[in-house]
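Please read the following report alongside the sequence and the coordinates, taking the residues in the order in which they are discussed.

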Amino acid sequence: MKVLVEYTETGMYKDYSWGNPTMRTKGQLHAVEPASAATLIKAHKACLYKNEDGEIVIQR
């Protein structure tokens, strides 16, 4: 399961702790593991993306 986040800062980010960093731009949407989403949100580098109904988008 992954959740969709919207990056609030441009930078190099890892999808997994063992992966290579990739460039993400401010406003870009990307599906990440819940633990990665929590780390990004806590660091104010991303926020959870919500659809038009205000629901969190989850990819299975």
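This is a predicted model: local features need pLDDT of at least 70, side-chain atom pairs count only at pLDDT 80 or more; totals for chains, interfaces and linings use all residues.

By the rule for pairing rings, the count comes to 1 aromatic pair. The rings of Y7 and Y13 have centres 4.8 Å apart and planes at 35°, so the pair is classed as tilted, because planes under 30 degrees apart would count as stacked and those over 60 as edge-to-face.

R24 lies in strand 3, and its 10% relative accessibility makes R24 buried. When residues up to four places away in sequence are not counted, R24 touches both Y7 and Y13, along with E9, T10, G11, D15 and H30. With H30 there is also a polar contact, made between the side chain of R24 and the side chain of H30 at 3.1 Å.

M23 also belongs to strand 3, which covers residues 22-24, but M23 is partly exposed, with 49% relative accessibility. Leaving aside neighbours within four places in sequence, M23 is in contact with T10, G11, M12 and Q28. The C-alpha atom of M23 is separated by 14 Å from that of L40, a residue 17 places apart from M23 along the chain.

The accessibility values are collected below.

| Residue | Relative accessibility | Class |
|---|---|---|
| R24 | R24: 10% | R24: buried |
| M23 | M23: 49% | M23: partly exposed |

Definitions and conventions: Residues are numbered from 1 along each chain as its sequence is written. Side-chain values use heavy atoms; hydrogens and water are left out. Rings of Phe, Tyr and Trp (its six-membered ring) pair if their centres lie within 6.5 Å; planes under 30 degrees apart count as stacked, over 60 as edge-to-face and the rest as tilted. Helices (H or I, at least four residues) and strands (E, at least two) are DSSP runs, numbered from the N terminus. Buried means under 20% relative accessible area, exposed over 50%, partly exposed in between (1.4 Å probe, protein chains only). Contact means heavy atoms within 4.5 Å. A polar contact is a pair of N or O atoms within 3.5 Å; within protein, one must be able to donate a hydrogen and the other to accept it, and residues adjacent in sequence count only if both atoms are side-chain atoms.
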